[in-house]
Amino acid sequence: MSASVTSSSLQSSGTNSPKSASPPRTSSWPSPASSIKGPDPAVMVGYSCRVAGADRPSKLWDNINAQVDMRKEIPADRFNINNFYHPDGTHKGTTNCKYGYFLDQDIGMFDRSFFRISPKEAEAMDPQQRLLLEVVYEALENARIPLEDIWGTRTSVFCGSFSNDYNAMTTKDLEYYPKYAVTRTGNAILANRISYLFNLQGPSVTIDTACSSSLVSFHLGAETIRDGESDVSIIVGSALHFDPNIFIMMTDLGMLSPEGRCRAFDARGQGYVRGEGICAVVLKRQSQAELNGDRIHAVVRASSVNHDGTKSGITLPSSTSQEALIRATYAKAGLDPAHTPYVEAHGTGTARGDPAEMRALQAVFSPAHRKDPLLVGSVKTNIGHTEGASGLAGVIKSAMALERGIIPPNMLFKYPNPEIKFEEWKVQVPTEATEFPNCPDGTRRASINSFGYGGANAHVILEAYQPMPLLTPPPVLPDTFLSAVKNRPFLIPLTSHTEKAGSIWADKLGSYVKEQPGNVADLACSLSSRRSIHAYRSFVVGKSRAAIAEQLECPAPWAKAAETPRPRLGFVFTGQGAQWFAMGRQLIQHSPLFRQTLQRCDRTLHALPDGPEWSIIEELSRTEEHSRLTETRLSQPICTALQLAIVDLLRSWGIEPTSAVGHSSGEIGSAYATGILSFDNALYAAYYRGLHMSSGGRGCASTDGAMLAVGRGPTELNKELKAYEGQISLAAVNSPSSVTLSGDALAIDALQSQLEEQRVFTRRLQVAQAFHSHHMYPLAPAYTEALKNCSGFSASDSKARMFSSVTGRLADPSRMGPEYWAANMTGCVRFWDALVGILMNEEEEQNVDILVEIGPHPALRGPSRQIMKSLGMDLPYMGSLARQTADFDALLTLAGQLFQHGYPVNLDAVNSDQFLVEPDIPCQAPNGKFLEDIPTYAWDHERYWAETRLIREHRLRPHRHTLLGAKLPGCVEQRPIWRNYLRIKDIAWLADHVIDGKILFPAAGYISMAIEAMCNVGDLGATPDSSILLRNITISSPLVLDNSDMGTEVLVELHAPMTSAKSRSGTWYEFTIFSYQARQGCVEHCTGQVCFGDEPQESKAYDSVHQLLSKSTSSTPASTYYRHLTEFGLAYGIPFQLLSGLIESGPGFAVGTLTFEPLKYATQAADVTVAHPTLLDASFHTIFPALEATLQRPLDEASVPTFVQSVQVHPAMFVVKDSTDTQRVTTRTYTTPTGPH
C-alpha cells in the first residue's frame, strides 16, 4: 500500500480541489452485487468513541454486556468535588452531584505533532477539539479510510456539542489567556477544525440543540449523503466536564441525580448523571461503500428532526411532538413501526422525561396489532448522559447490536417507574442479553430517539446490513496448499508519526496480542490493508502470536521513511558460490507461488531434448550430507531458478527494480528482472551454462585450473599479472580493492605465495575449474550452439535499467544473444563498472536509493559497500535470503525493511497467499480477516493546559467551609482571604440569633471563623497538644443579615503582623472580617489576633463547680431564663438555646450546663467546626445571670459583646469536633462591675 501522507502526520497532497472520496478498492476479485432497493441510502462504515471505561466501541460493547458500573466520583484532576459539594442542590456555588462517568485519561493530553499544530495553538485549543481530532482519525481507521483517500474530498462534518468548559474556565481570569483563545475555543471550530486539518471540503457545521445535538448532526450528515452534497460524512459529538460551573447551575434546577446514576425507566430515577464522551461515525453512500468493499455496520433507513413548539415550559419534553416526529420518520422510510423490535431511547432517568418519552414510543410502536413487546434500552445507564455526544453513543450501541444480533441488557432497572404502564403499553426493558428479533422481512431494525431541553427532537432508523452474494467469489487457495500456508510467517507492519508514539504502539499491540485469542493472519490483515502509513516505521515477522508478542517487545529499530514517493531499487544478483543445501526451503514449504515457480522451472527444463534427470525441488530438499549443489551442472540452473522465484514473489508484493546488475551467472537473473530475458530463456541460459561448464571436467585445458580472491584493485596487480600473462586472467573486478584471479593452478599457487609475502589478503576459492579464464574458451562454442538451438531464444527491450558486467556499459538487448552469454561465461566480470553504472546516471547523479541482493546469501554486500564508499555514497543494502536463516522470514524481513525506507510495498499482498493458476498466471487469495477489537492508534501525548494560578486555585480549591467559605483564588499565600455568602436559607441557625428584632451575625461566629481560618492555613506551628489562642477581639460594627437570595458577602483576611520594619510575627496572626453590602460598601466588623500555642494563664484560682453551686443564691430553669432574655431583645431561637436544666447564679458568678447535638448543625464535612458558633455563643449566655447577680437587678436592655480580651480553645476540641455524639459542657461565668472576665 502506498501512502502520499508520509510525513509526521497530516500534510497537503498538493491539491485543494475536491475529489471523490474513497476510490473503488483495487482487488483481484469483483465487488458484491448491490443490495440497494430503491434510493441509495447512507450507511455507517466506521465509528469510534471514548467514553467512561472504553477507548473504542468494542470495549464499550463488552462493558455494556457485562453491565460494568463505570460510575466514579468526579476525578480530582477535573475539579475538587469535595470542596464544591453540598447535599442541597439549591445551595449556591456548590453541587449535590459528586459522581459521574469520566474518560480514563488526562483530558489535557494531546498529540499536537500528529496534526502539525504548534504548542501555543494546542494550548489555546478546547480539549474537545483535540480529542475530536484524535477520535475522528480512529473512526477513519475503523472505516479503513487512509488519510490520503479522505484528503481533499467532498466530506461533510457535523459536530454536536453544547458545553465549552475550557472557554468558561480560561475566561475567569483574562489577565492571561492563550494568544489564539478567541478562535480556538469557539464552538464553531469544533467542526471546522476537523475539516481544516483533514482538508475536507464539504459542509462543516457545529450543532447545539442541547442533548439532541449529535443525533440532529447525524440527521444532517445523512442528508448530505442522500442529497449528493457529500460523498462522505463525519459526524461527531463531544462532552467534557472539568469546570464546576455547569454542575452548579444544573443542580440548582434539580436536573442532576444526587446519587450519580441514570436509572432510566426506573422508579428510583432522580435525574441524569453527566458523562464524558467523544464519539464519531463515518457515513457513505451505500453504492459507493459496496463498490469500495467497505465493511458496513448499519444502514440508515431514515432520519428526521422537529421542534416541540409552544408548550408548558421550554425545558419540558413533549410526547406529542416526539410521537409526530417518529411517525413522520417511519412514513418517510415506508416502514411499519410495529415491526421494529428495539428502540434506543433518550432515557435519562428523569421524572418527567422518561414517562413522556415512553408515552410517545408506545403511541407509535405499540398499536393493537403489535404481537411482541417493544424492547427499549438506554446506553446512559452504562456511561451516563454524554450530552452533546449522547445521540451518537446510542447510534454506536445500536449499530453494534444490529451487527451482532444481540440486544444487550439495560443496567439499573429494577423497580419499574409507575408512571410508565409497561404491560399496557407493550414495552419492556431487557435486563439480560436478548437475541435481536427480525422484522417480518428478515431484517433487524432499531430506532434511536433523542430530544434536547430546548425542544429540538431527532429520530433515526437503522437496519442491519444484508450483503448480496458476490457476483464471483474471491480467489480461493487450492486445497493442496492449505496445509502449506497454515504455518507460514507474516509481516506485521508498524507505523507511527513519531518514534515515541511508535514505541507506545508496539507496547499497546504487544499487550493486545498477549491478551486476546486469534491468529496472526487476522492481525496481519488488519494492519496491512487500507490503513494510513506514517513516516516512522518498524515491523516484526512471525507465525505465532507468542512469537509476535515477543518480538513486539523489541521490534526492528524505528526508521523514518524517505520522503521520496517511491525509492528507486537496484537489484544485485549473486553469482555462483553463495548456494547452500537448504536455500529456499521454507519458501518451498510455505509459499505456494514460490513452490509453483520452481515447479514451472522443472517443467521448462524437462521439456528440453537434453533436459536434466533431476528435479529442482527434490535437490533443494536434500540433507546437507546428500546435497549436490556443489556440482556446477546443478548449481547454475538451480541458483537461477531460485532467483527467478524470488523475483516473481517480490513482484507479486509490488517490489520491482528500477535498475539491476548481476555478477557472473547472476546476470541471467538480472536480465529476467529487467525484462530482457523471458522466464524460459533465462532458464535455458542457466541450464546450458552449467551443463557445458561441467561437461569437460577440467575442460579442454592441459593443466588444472584454480581461482584466487585477492584484496587489491586491478591496477595494483598489473605488474604481477604481466609476469603470468597467458597463465592467469583477471576473472572479476569486484570492487576498487577486491578482484578474483583465475587460471593455471601452478601459476595461481606461485602468485599467491608472492602476494602473501607482501602481506596482501588472498583466499583460494573451492572450485573445480578456472571460470572466467582461458580454461573456459573451449567450452564456449558448444554453449553458444545450444542456446541457438533453443526455440525463441532472444533478448527483448528492457523494462528497467540493466548494466552489463560483461561490457561494463548499459546493457544493449540487441547484442545479448547466445554469443553474449558465452562471453559472460568466459570473460572478466566487470562488477565494479556495472554497479557504478546503476548507482549513477550519465550526469553522475544518484540513480538508485536502495540496493537489494537477490540470491541465496548476500555475498556481494562487502564489494558493493566498497564501491559505494569510493563514490562517497552510503545506500541501504539489503539481502533477500541468507544462510542459516529461514527463507520466508528473510524475504518478509526484506519487505519490512523496504517498507521502513518508504518503498510502497503491497502489504496486503505480502500477507496474502500468492499462487499460480493456469497458465502460470499469478493470483492472490486473501488470508485473514479484519479484527474489530484491534487497539486504536497510539498517540504521542503531551499536556497542554492554559490556566492561571487564580483559575487553578478555584478549580482545585483545597477547602470549603460552610461558615468561612473558600479561599479567594489568587490571593497572596501569606495573606489568605476567604470569601463566602451568608444566606439564611443555607445556614438556618443564623435566623435564630435575633437582637432587638434584627438578625445579627453572632460575635461567636467571628471567633469561629478565625479559628477555622487558622486551621485551614496549614502548618503554622501547631502540635497535637496545641490550643488555639485568640486575643484582643474587637467587634466594631454589627453584621445584619437578611433573607435575600443573594445573601451577604463576607471576607475573612489573615496575616502575620509586622514586628519590625523587616520581619513579621511567626506566632500571632491578625484577622479581619469584612462584609460587602449594597449601600454601605465594604464594612469592617471584627479584628483580632489568633495563634496556635499555650499562653501562660492567669495565676488566679477559680472555685470549682461544686464550690460555686454551694454559693448559689438563684436557681432558674434555662427555658424560663431564655424567655426572660427575649423580653428585652435577646431573642435566641432553639439552635442557640443550648443551656439546659437549671442556671445557678450568685454574687459575681453563674453556672450552667450546655447540651450540644452536632448532627443538628453538621450534615456534611463542610459544616464541621472546631468550635461551633452556637456552642460558643451559648457559653456566653451565663454572662447575663452573672451580671444580674452582680448588679443585683434584672437587665432591661439587650447587650452584645464588642470586645473579648482572650479566648483559649482546648486541644480536646479538636478530638471531639468530628464526633456525632451529644456533648454536655459545664460553663462558669465570673463578672465584676467593670465587665466579664
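Is S664 buried or exposed, judged by its relative accessibility? In this predicted model, S664 has a relative accessibility of 10% and therefore counts as buried, since buried means under 20%. S664 sits in the loop that runs between strand 21 (659–662) and helix 24 (666–673), and its phi is near 60°, a positive value in a residue other than glycine. A second residue of this kind is Q1192, whose phi is near 55° and which is placed in the loop between helix 39 (1183–1191) and strand 45 (1203–1209). In contrast to the buried S664, Q1192 is exposed, with a relative accessible area of 73%. A further feature of the backbone is the cis peptide bond that joins E918 and P919, with omega at about -10°; P919 belongs to the loop between strand 29 (913–917) and strand 30 (921–925). Such features can be noted because most residues other than glycine have a negative phi, and most peptide bonds are trans.

As for the overall layout, the chain is divided into domain 1 (84–304 + 330–464), domain 2 (569–696 + 769–925), domain 3 (700–766), domain 4 (959–982 + 1006–1092) and domain 5 (1105–1230). The centres of domain 1 and domain 3, taken over C-alpha atoms, are separated by 80 Å. An unreviewed UniProt entry assigns the annotation "domain: Ketosynthase family 3 (KS3)" to residues 39–464. Over these residues, 39–464, the chain is 32% helix and 19% strand, and the end C-alpha atoms lie 17 Å apart.

The second largest pocket has a volume of about 1,200 Å³ and is lined by 46 residues, of which Q576, G577, A578, L765 and V767 lie nearest its centre. Domain 2 and domain 3 each contribute at least three residues to the lining of this pocket. Among the elements that each supply at least two residues of the lining are helix 23 (632–652), helix 25 (679–693), strand 23 (728–735) and helix 31 (861–870). By class, the lining is made up of 20 nonpolar, 21 polar and five charged residues.

Eight cavities of 30 Å³ or more are held within the structure, and the largest cavity contains about 290 Å³ of space. Of the 22 residues that line the largest cavity, E141, N142, L931, E932 and I934 are the closest to its centre. Strand 1 (42–51), helix 1 (57–66), helix 3 (127–142) and helix 14 (390–404) each supply at least two residues of this lining, and helix 3 gives the most, with three residues. The lining of the largest cavity has six nonpolar, six polar and 10 charged residues.

Finally, the unreviewed UniProt entry places the feature "active site" at H993 and D1177. These positions span 185 residues in sequence, yet no two of their C-alpha atoms are more than 9.5 Å apart, so they gather at one spot. H993 lies in strand 35 (residues 993–995) and is buried, with a relative accessible area of 5%.

Methods:
Residues numbered from 1 in each chain as written. Predicted model: local features only at pLDDT ≥ 70, side-chain atom pairs only at ≥ 80, totals over all residues. Heavy atoms only, no water. 1 Å grid on protein atoms, 1.4 Å probe; cavity = no way out; pocket = protein on both sides within 12 Å on 5 of 7 lines; lining within 4 Å. Points joined across faces, edges and corners; volume = space filled by probe spheres on them. Helix = DSSP H or I, 4+ residues; strand = E, 2+ residues; numbered from the N terminus. Nonpolar A, V, L, I, M, F, W, Y, C, P; charged D, E, K, R; others polar. Domains from an automatic or database assignment. UniProt positions renumbered as here; feature names shortened; annotations may be inferred. Buried < 20%, exposed > 50% of the residue type's maximum accessible area, 1.4 Å probe, protein only.
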